[in-house]
Number of protein chains: 2
Amino acid sequence: MWHLYHFPLCPFSRKVQLAMSEKKVQFELVRVYPWNAPDTFQELNPAGRTPVLHDRDKQRVLVDSQAICEYFEETEAAAPLILGSAAARAEIRRLVALFDECFFADVTGPLLQEKMKKRLIARQSPDSRTLRDAMRLAHEHLDYVDWLIDNRRWLAGAQLSLADFAAAAQISVADYLGGIDWSGHEQAHGWYRVLKSRPSFAPLLKQKMEGIPAPRHYADVNA
Amino acid sequence: MWHLYHFPLCPFSRKVQLAMSEKKVQFELVRVYPWNAPDTFQELNPAGRTPVLHDRDKQRVLVDSQAICEYFEETEAAAPLILGSAAARAEIRRLVALFDECFFADVTGPLLQEKMKKRLIARQSPDSRTLRDAMRLAHEHLDYVDWLIDNRRWLAGAQLSLADFAAAAQISVADYLGGIDWSGHEQAHGWYRVLKSRPSFAPLLKQKMEGIPAPRHYADVNA
């Protein structure tokens with residue numbers, strides 16, 4: 001059995017959960033806070049980051065969300081998420097990187113820093129200017145999602161893919177932290193509601209971070 | 001013909017150059033500075049980052065260094081760089097992410113910020129504390145390379161792989177910027193000298209960033 005080391009607001013662990021659930025790969029969640037992790041976690045991943053996937057019986061360890069998703073893409077034929085021609089697969093991976101790296105750097109990362117780490121670790125108030133910048137950049141990213149959905153059925157093309165799940169994973173964490181304002185983003189909002197209604201998404205909407213309540217609309221699949 | 005949009009000290013463009021050269025895929029370099037790029041570049045990649053690979057005749061655009069490397073892995077059988085079992089490939093991708101993300105965040109990124117962007121764009125002096133931190137973290141990463149090379153032939157295992165090229169690409173930029181001190185890292189140094197001596201590396205060692213001279217040892221394959 002796979003054990004997925006994660007914390008509830010880790011967007012990369014969410015991406016892995018979504019991919020594994022879509023592919024119907026069984027796993028159990030193990031909660032770990034990278035900023036306060038036991039040595040046993042550091043031994044599994046010297047980089048000290050979530051997600052880490054561990055199968056104790058078979059002595060297998062997988063580290064890094066994209067490496068994990070590629071692994072299951074190669075070993076599980078069900079529900080392909082990096083699919084199509086080599087060019088189509090490159091487009092999926094471009095968008096995964098855009099959300100994993102740029103959206104995270106612009107939006108999710110600063111929100112986690114200001115609204116989670118400062119509250120839980122440093123016991124400080126968030127910096128309002130940083131929050132404003134993150135929300136402004138969230139609008140720019142959502143503009144791009146609007147444009148994609150105006151031109152395509154799903155983010156990367158005609159098929160649902162890992163790009164949709166990587167994007168929705170980041171957006172769900174930003175939404176939990178109050179960083180998403182859908183006004184002016186009808187297309188993106190419609191697309192996100194469809195994602196949020198999938199069975200693979202339901203467990204994510206129930207995961208709560210202690211000390212940080214989610215806004216009311218967060219877990220409502222119609223909101 | 002592929003055109004690779006890059007700037008000389010972009011570690012991700014270097015990784016792509018190395019992978020394409022190893023696979024003997026022809027390309028021409030186009031220099032672009034993301035902080036001062038023409039609209040035509042922004043149209044190719046809305047994220048505004050290098051590397052971007054463009055084939056004008058065939059109207060193909062590839063964006064993101066890992067998406068590009070995976071694309072050539074799928075389309076070019078020569079010189080496999082993400083190779084072996086699914087578990088071996090996951091280990092290669094783990095290490096690629098470790099260098100692309102952690103080494104970059106700890107070492108290459110701060111060095112580029114302090115020694116390149118501050119000099120060329122803001123005309124400021126580098127912050128010596130940030131530089132000290134980056135060099136201290138470089139030692140920690142090189143300790144890990146030492147450990148890997150103590151236990152394996154190449155970084156990810158018995159075979160030369162994209163992990164080696166991703167790591168060497170980051171290290172080469174840090175070395176150009178004076179951030180690498182090999183003392184105490186004999187294994188890592190030996191491994192890097194072997195990488196540096198490969199024909200695919202030679203063009204990188206000749207690429208100069210205007211206004212930022214490389215240290216003497218940088219291009220010496222015996223140093």
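A:Q66 has a relative accessibility of 16% and therefore counts as buried, where buried means under 20% relative accessible area, exposed means over 50%, and partly exposed lies in between, all with a 1.4 Å probe and protein chains only. The model is a predicted one, in which local features need pLDDT of at least 70 and side-chain atom pairs count only at pLDDT 80 or more, while totals for chains, interfaces and linings use all residues. Residues are numbered from 1 along each chain as its sequence is written, chains are lettered from A and ligands numbered from 1 in the order in which they are written, and side-chain values use heavy atoms, with hydrogens and water left out.

A:Q66 is placed in helix α3 of chain A, residues 65-75; helices (H or I, at least four residues) and strands (E, at least two) are DSSP runs, numbered from the N terminus. If its neighbours within four places in sequence are left aside, A:Q66 is in contact with A:K15, A:I82, A:V96, A:D100 and A:L162, contact being defined as heavy atoms within 4.5 Å.

In chain B, helix α3 is also the place of B:E73, which counts as buried because its relative accessibility is 16%. Which residues does B:E73 touch, leaving aside its neighbours within four places in sequence? They are B:K23, B:P80, B:L81 and B:I82. A polar atom of the B:E73 side chain lies 2.9 Å from the backbone nitrogen of B:L81, and the backbone nitrogen of B:I82 lies 3.0 Å from a polar atom of that side chain.

The next topic is charge. Side chains of opposite charge can pair when their charged atoms come close. A salt bridge is counted here when a side-chain nitrogen of Lys or Arg is within 4 Å of a carboxyl oxygen of Asp or Glu, and by this rule there are 30 salt bridges over all chains. One of them joins the side chains of A:R93 and A:E70, at 2.7 Å from N to O. Because A:R93 lies in helix α4 (residues 86-122) of chain A and A:E70 in helix α3 of chain A, this pair ties together parts that are 23 residues apart in sequence. A:R93 and A:E70 are both buried.

Within chain B, B:D55 forms a salt bridge with B:R60, and the closest N and O atoms are 2.9 Å apart. B:D55 has a relative accessibility of 2% and so counts as buried, whereas B:R60, with a relative accessible area of 27%, is partly exposed.

Other salt bridges cross from one chain to the other. The side chains of A:E74 and B:R93 meet in one, at 3.1 Å from N to O, and since A:E74 lies in helix α3 of chain A and B:R93 in helix α4 of chain B, the pair joins two chains. A:E74, at 33% relative accessibility, counts as partly exposed, while B:R93, at 5%, counts as buried. B:R93 also forms a salt bridge with A:E70, where the closest N and O atoms are 3.9 Å apart. These residues belong to a network of salt bridges that links A:E70, A:E74, A:R89, A:R93, B:E70, B:E74, B:R89 and B:R93.

How many salt bridges does the rule find across the interface of chain B and chain A? The rule finds eight. β4 (60-63), α3 (65-75) and α4 (86-122) of chain B each supply at least two residues of the side that touches chain A, and α4(B) gives the most, with 10 residues.

In all, 22 residues of chain B are in contact with 22 residues of chain A. The two chains bury about 1,800 Å² between them, 64% of it on carbon and sulfur atoms, buried area being the accessible area (1.4 Å probe) that two parts lose on being put together, summed over both.

Finally, consider how the chains are related. A rotation of 180° with 0.0 Å of shift along its axis superposes chain B on chain A, with an RMSD of 0.0 Å, where copies are superposed by least squares on the C-alpha atoms of residues with pLDDT of at least 70 in both. That is the relation of a two-fold axis, and in chain B the C-alpha nearest this axis is that of B:E101, 4.5 Å from it. Because 100% of the interface residues of chain B are also interface residues in chain A, the copies meet through the same surface.

Conventions: Polar contact = N/O pair within 3.5 Å; in protein donor to acceptor, adjacent residues only side chain to side chain.
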